[in-house]
Amino acid sequence: MRTTTGWQAAGPTALRRTSLERRDLRPDDIAVQVDYCGVCHTDLHALRAHDQHAKVPLVPGHEFTGVVAAIGPKVTTFSVGDRVAVGNIVDSCGVCGMCEAGQENFCRSFPTLTYGGADRQDGSTTLGGYSREYVVRDAFAYPLPSGLDPAAAAPLMCAGVTVWEPLRSLGVGPGSRVAVAGLGGLGHLAVKMALALGATATVISRTQDKRDDARKLGADDLIVSTDTQQMATARDTFDVVIDTISAPHDLAPYLKLVAMDGTLSLLGYLGPVTVEAADLLIGRKKLSSAGSGGRLATAEMLQFCADNGIAADIEVLPSSQVDMALDRLRRNDVRYRFVLDMSDLD
């Protein structure tokens with residue numbers, strides 16, 4: 001086994017520094033020295049849900065960048081020293097229809113998650129990127145284009161590909177009218193990507209507070225969702241509404257903003273929802289969702305971001321301040337993504 005150091009759950013709101021074991025490299029594995037790891041709302045949810053008395057440890061972190069430290073004997077796509085990025089999926093069955101279509105994120109036997117998942121060969125629980133080293137199949141690591149800053153690129157591997165998936169699948173391009181509900185870790189990247197694809201972008205927020213931020217990102221406007229007049233004026237306006245709101249909420253006001261034959265794509269809240277059929281019927285509107293992306297889409301997203309100068313707006317903290325980062329994330333006190341510098345684990 002390979003030994004490294006990382007941050008393991010010590011309670012629903014705290015982590016502790018500890019020694020971790022990684023598997024010995026299989027023929028198609030690479031070992032990645034993790035340099036930067038993003039802090040995602042998923043990490044918060046996982047910590048809250050984790051049973052502290054369980055024998056299975058929890059090490060969060062599923063969006064990270066680093067360099068290749070070692071390679072297995074059958075690896076030909078990477079060399080030691082290469083810059084790489086890893087996201088929230090580290091394996092899949094590879095043979096189902098979804099995997100064959102390049103949508104490993106929809107693997108019918110469920111993809112292996114970067115942490116809290118079950119290794120497909122030995123059944124061990126995967127431990128995430130809040131650590132100095134991670135061992136992963138080479139097929140689920142991605143070359144990090146030279147034009148991307150490794151710290152600002154880390155959130156692209158979760159938040160970035162999550163918004164890229166619907167933007168691409170829904171055909172957003174020149175002339176498309178996109179609205180983004182919620183200007184956070186996902187939302188700010190959705191605005192940047194929509195604009196780079198040639199669309200116009202409008203932000204929907206509960207208050208005026210983020211109007212200046214929306215403008216700086218290049219958005220055309222900000223609609224205050226609590227202002228009934230503004231929402232009524234924008235009715236039937238947008239071809240695509242990207243909904244990144246993480247709390248339960250009424251979808252009806254956002255469906256009303258969708259133009260005829262347009263789509264509301266739910267990315268933030270993935271629990272039960274209630275929809276009136278008439279809100280879809282009037283205008284032939286569609287309701288969809290998305291999450292993460294397959295290998296082809298992830299590689300495409302990284303190159304698109306490099307070509308268009310897109311990266312997350314981040315605040316970098318030493319990994320020793322992970323508890324503070326999680327506490328501030330709970331309070332939405334970040335513009336727009338925390339990234340942990342893992343070098344203090346040496």
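Colleague: Let's begin with burial, then. What percentage of the residues in the chain is buried?

Modeller: Keep in mind that this is a predicted model. A residue counts as buried when its relative accessible area is under 20%. Across the 346 residues of the chain, the buried share comes to 53%.

Colleague: And the overall size: what radius of gyration does the chain have?

Modeller: The C-alpha trace spans about 60 × 40 × 35 Å along its principal axes. For 346 residues, a compact globule would come out near 20 Å, and the chain agrees with that, at 20 Å.

Colleague: How many helices and strands are there?

Modeller: Both go into the secondary structure of the chain, and the tally is 11 helices and 17 strands.

Colleague: Which strands stand at the edges of the six-stranded open sheet?

Modeller: The order runs β12-β11-β10-β13-β14-β15, with parallel pairing. Each edge strand has a single partner, so one of its sides is left without a neighbour in the sheet. From one strand to the next the twist averages 25 degrees. The strands at the edges are β12 (221-224) and β15 (286-289).

Colleague: Which residue in β11 is the bridge partner of alanine 181?

Modeller: Strand β10 covers residues 177-181 and strand β11 covers residues 200-205; the two pair in the parallel sense over five bridges. Alanine 181 finds its bridge partner in β11, and that is isoleucine 204.

Colleague: What volume does the largest cavity have?

Modeller: Searching the whole structure turns up one cavity of 30 Å³ or more. Its lining has 13 residues, and Ile89, Tyr142, Ser292, Gly293 and Thr298 lie nearest the centre. By class, the lining of the largest cavity has five nonpolar, six polar and two charged residues. The space inside the largest cavity is about 80 Å³.

Technical notes: Residues numbered from 1 in each chain as written. Predicted model: local features only at pLDDT ≥ 70, side-chain atom pairs only at ≥ 80, totals over all residues. Heavy atoms only, no water. 1 Å grid on protein atoms, 1.4 Å probe; cavity = no way out; pocket = protein on both sides within 12 Å on 5 of 7 lines; lining within 4 Å. Points joined across faces, edges and corners; volume = space filled by probe spheres on them. Nonpolar A, V, L, I, M, F, W, Y, C, P; charged D, E, K, R; others polar. Pairing = 2+ DSSP bridges. Helix = DSSP H or I, 4+ residues; strand = E, 2+ residues; numbered from the N terminus. Axes fitted to C-alpha atoms, helices over the stretch in contact; angles between N-to-C directions. Rg over C-alpha atoms; globule rule 2.2 N^0.38 Å. Buried < 20%, exposed > 50% of the residue type's maximum accessible area, 1.4 Å probe, protein only.
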